[in-house]
Amino acid sequence: MANNKVDAIKKIESLDNTNYDNYLKSVFKEKEFYFINDNFKSKKEKFFTTIKNVVFDALNDANIKKEDYRTLSVYIGSTSVNISVIQEEYKKNHKKNIVCNTMIIDYITSLLNLEKSAIIFSTACTSSANALIYAADEIKQNNTSKALVLGLEFFNDLTFGGFTSLMLLSPTSKYLPLSKDSDGLILGEACSAVVLENKAKNLNDFYILQSENLFDNYSATSSNPSGEVIYNTMFNSLKYSKLTINDIDIINTHSSGSPSSNEAEENALNQIINSSTNAIVTSIKPFIGHTLGACSVNELVLLTSCIHSGFIPNTLGAKDTKKLKFSKYTKIDKRSTILFTYNGFSGNNLSFIISNKD
Amino acid sequence: MYIHSTYKFINKNENASYYKKLLKEVSSINLRRSNKFDIISVYGACKCLENINNYSKDLNIYIASKHGVISGVLKILESFEASDNIIMPFDFLNMNGNNAGFNISQALNTNGESMLINTNDFPFEQSIKYAFSKSKNNHLFEAIVGGVDESLSNIPNYQEYLINKSDTSYDGSSWLYLNNNRQNAIAKIEEIIEFISQKELNNYLKNNLNFEVIYSTSIAELTYATQNSSNLIDTLNSKQKFIYITKYNDSHYFIIKIINC
């Protein structure tokens, strides 16, 4: 989509259902996959250069002084972590060696001269959400004052081939969020970072309220179609935040694309949304694809940046139902309360709420 | 947060079938197509709760690992290269380290959160710290925390990962069952703190002179998550009030303060 946040937000603002097909044509070239727009000599260069740029952009954006980098607590959420590099190095080394899957930790630790090692959360599609929530908990408990949360997912043949083998990828290659016509996922790669601090620096900074993390042991690869666990995660995150669904302005859905996951999520949303709910429903995935373990941080960064830019984006490819009213491009006053909901492989479900309202 | 039960094993490299047989003795779960990392995780977790009859359905599962499912990653790399770029579904699913948490939940019939935490230096300590943090917000909190690593003997040039190249790489799975209930507990975890200088650590120890200081020692860096959890379990059995210290380098320490009940 873009190589920086400003360009990404401009692009999102320009997209609606009339130019969605053309956008997809411009994105899907080699494969039906949302690639990062850059030409790198190797996957290794792409991996490390992208992470470095994202980390320093985020720290600069948050006005973190260079001398404070070393005291940051760093949390990473990813499913494939550095498998793209592992695969490339494995080939290069004539299959004689595989590199450690925690090389990213060494890299970040050295890049920022960290006092404490970074931690990787691997909980499938909720990975970066779990990293974010743990970082917020550590700040709330005064165990750290500043945290950098990184969501990263890079194209690799193993993940792409794995989803192909499970027949979970969309043959029509078009995201139709929570639609009954949706026929699968479209994967994407992206990297983004969030800086959390114990004090707001700007009037419109978002605050992480409460979250809930529950397990669904229905299947390793899909949610219970009843949506009960997804509903419970949303319900409890509202309860712990001392809010009701009527306090929520936007629900950012997971909208993974797989029919079974969509059914579960729609059932959960139909239960939680009532006749007096004004919350609109949205999905960022049509813009960037499903970025797996990194999706929560990627989507949080894009959605909150849209709000900071004064608008709610269109939900591309979505059609309203009786209960679900999907977002249409709307100018807003940069304030919002957002409920995020995510579910993934191995039964992971997580919901959390952020707000920058009083 | 109280420790109620522990279990550990550390073995030389054994194959998955060996552990499947052991697992059958404690659980009816069928892990026919699972990898060794998942099997030793489930086996250790089941053994830890073997004599606990009333654990909660909301039990949380936290797995700490340094290398995660590294042999699963190797297997999928090998098959990808050898099979004209075809990935088999189970190879792909087995690459996902959090599958172990899913399988443990299935075996124990629980629905609390499950998490795989990887770090280079203190995976087990970070997982206990995570549990400790969660326990503060919930008096009904229950969790099992395990340090799990499989032997890397089948990984090409695995000695490169070792501090001492001649060390043996072990299979290991060491677990603690934790909750906030003092009744029948083995020990209480009072504090978990990370220090980033020897000076900070020394100051802390000066204020805790009535606690015995125990330094964890790793027999092989490869079994890091396992070894530290295993050493902690051994210390629980032999000491009353102690501060368990894991040292990563000259400026980075992790302490767990424990009082036996």
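What covers the buried residues of α7(A)?

A: A quick note before we zoom in: this is a predicted model, where local features need pLDDT of at least 70, side-chain atom pairs count only at pLDDT 80 or more, and totals for chains, interfaces and linings use all residues. Residues are numbered from 1 along each chain as its sequence is written, while chains are lettered from A and ligands numbered from 1 in the order in which they are written.

Now to the cover: it includes α4 (83-92) of chain A, together with α3 and α4 of chain B. Helices here are DSSP runs of H or I with at least four residues, strands are runs of E with at least two, and both are numbered from the N terminus. The helix being covered, α7(A), spans residues 157-165, and its buried residues are Leu158(A), Thr159(A), Gly161(A), Gly162(A) and Phe163(A). "Buried" means that 20 or more other C-beta atoms, placed from the backbone, lie within 10 Å of the residue's own. Just after α7(A) comes Met167(A), with a positive phi of about 55°.

Two of those covering helices belong to chain B, so let's turn to the contact between the chains. It takes 42 residues from chain A and 45 from chain B, with two residues in contact if their C-beta atoms, placed from the backbone, lie within 7 Å. On chain B's side, α3 (70-82), α4 (89-95), α5 (99-108), β3 (114-118) and α6 (123-136) each supply at least two residues. The largest share, seven residues, comes from α3(B), which is also among the elements covering α7(A). By class, the side of chain B that touches chain A has 21 nonpolar, 19 polar and five charged residues. For those classes, Ala, Val, Leu, Ile, Met, Phe, Trp, Tyr, Cys and Pro count as nonpolar, Asp, Glu, Lys and Arg as charged, and the others, Gly among them, as polar.

The chains also share strand pairing: β2 (residues 119-122) of chain A runs antiparallel to β3(B), over three bridges. Strands count as paired if DSSP finds at least two bridges between them. Look for Phe121(A) there, as its bridge partner in β3(B) is Ile117(B). In general, strands of a sheet pair through backbone hydrogen bonds, either parallel or antiparallel.

So, back at your helix: α7(A) has its buried residues covered by elements that include α4 of its own chain and α3 and α4 of chain B.

Definitions and conventions
A residue is buried if 20 or more other C-beta atoms lie within 10 Å of its own, exposed if 12 or fewer, and partly exposed in between; C-beta atoms are placed from the backbone.
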